[in-house]
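Q: Could we go through this protein model together? I would like to begin with its overall layout and then turn to some details.

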Amino acid sequence: MLQKKEKYVVAVVGATGAVGTEMIATLQQRQFPVGKLRLFASEKSEGRSLEFKGKKISVETINENSFKGIDIALFSAGAERSKKWAPVAARSGCVVIDNSSQWRMDPEVPLVVPEVNPHDLDWHKGIIANPNCSTIQMVVALKPIHDAAKIRRVVVTTFQAVSGTGKKAMDELMQQTADLLNFKNIKCNVYPHQIAFNVLPQIDKFLDNGYTKEEMKMVNETRKIIGDNSIRVTATTVRVPVFRGHSEALNIETKKKLTANQVRELLAQAPGVIVFDAPEKSIYPLPIHCDGKDEVFVGRIREDESIENGINMWIVSDNLRKGAALNAVQIAEVLTRQLVG
Ligand code: 3JN
């Protein structure tokens, strides 16, 4: 059980990865009350150290006793490691906020976006799941629309940055771009096809129903977070040669009619959302503007003239921040704020 303290012992598991390093930066930037920070990664990172608040912290490998004395552990080390170590950490009395897909659909584990369903933190049993990056930014924008007009169906197409795959994918995009511009042959190690100057309609593995795992994560996670299984969601997830920032084109059908202006007003007041929508001046959200930002940016808000109650819009957010590290730290902030000492 997490106890109210002035400062907490916090761990980052998967500390050397793209999300792990962002978690460390986010804890520092938001001045989370960290008394001590412990960093864990695989054997490959043994001997490395990372900086936090101007001090070097050595990266450790995990063992059965690692989590003793840790209050909060932010995990971003993949589903396999979460499967093995999150229950060990929870048994040691530490609250795990897990960024992998391992526990997200487990009925015993809350799946939380603080702007949408902070109340679900009340029933955690030691593990809290952080949703998929594409789901997080979508539900932040959908929630106020659902509350006002009840969403019946969402059709979403994503344009996802390579940092969603991790550092190796960022290096691959960089290397392929440089090689192609220098008339050299390229190597494809991370993705099944060339990613530089290309668009890949596949994120994660294909399932038997013809969708990818990423697409079905968006469907299932959205319903669990919003808490309404009647919402129909269909997704096409696409990888684009962008380093940071996922974009999404949404078509939303609601029970009650909303005008584009009503949606603009609802979203302008919604927590964590910035409406960036002045088409006459070519103003709409772009990944290059959202890099390093905390909010979910929404633009191109317009009525779908092909159906009775439809809205189209365009959403962009930094996948490593709100899509991963920031959401996890915000969960820790809500948890510690709720404690009574
Ligand atoms: O590709 C992206 O933009 C997001 C990737 C997420 C991801 C990648 C590998 C494994 C996940 C995730 O968060 O769902 C996982 C996973 O935990 O299954």
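The conversation below moves from the domains to salt bridges and then to one helix.

Q: What kind of model is this, and which pLDDT limits apply?
A: This is a predicted model, in which local features need pLDDT of at least 70, side-chain atom pairs count only at pLDDT 80 or more, and totals for chains, interfaces and linings use all residues. Residues are numbered from 1 along each chain as its sequence is written, and side-chain values use heavy atoms, with hydrogens and water left out.

Q: How is the chain divided?
A: There is a domain 1 (8-130 + 324-338) and a domain 2 (135-319), with bounds from an automatic or database domain assignment. Their contact (heavy atoms within 4.5 Å) takes 21 residues from domain 1 and 18 residues from domain 2.

Q: How much area do they bury between them?
A: Domain 1 and domain 2 bury about 1600 Å², 63% of it on carbon and sulfur atoms. Buried area is the accessible area (1.4 Å probe) that two parts lose on being put together, summed over both.

Q: How many salt bridges cross that interface?
A: The rule finds three across the interface of domain 1 and domain 2. A salt bridge is a side-chain nitrogen of Lys or Arg within 4 Å of a carboxyl oxygen of Asp or Glu. The structure holds 18 salt bridges.

Q: Which residue forms a salt bridge with Arg-321?
A: Arg-321 pairs with Glu-22, and their closest N and O atoms are 3.1 Å apart. The pair links distant parts of the chain, 299 residues apart: Arg-321 is in helix α8 (residues 321-338) and Glu-22 in helix α1 (residues 18-29). Helices (H or I, at least four residues) and strands (E, at least two) are DSSP runs, numbered from the N terminus.

Q: Are those two buried or exposed?
A: Arg-321 and Glu-22 are both buried, where buried means under 20% relative accessible area, exposed over 50%, and partly exposed in between (1.4 Å probe, protein chains only). They also belong to a network of salt bridges whose members include Arg-30 and Asp-294.

Q: Changing topic, where does α2 bend?
A: Helix α2 bends by about 35 degrees at Trp-85, and Pro-87 follows within four residues. The bend is the angle between axes fitted to the seven residues ending at a residue and the seven starting there.

Q: What do its buried residues pack against?
A: The buried residues of α2, among them Trp-85 and Val-88, pack against β5 (72-75), β6 (95-98) and β7 (127-129).
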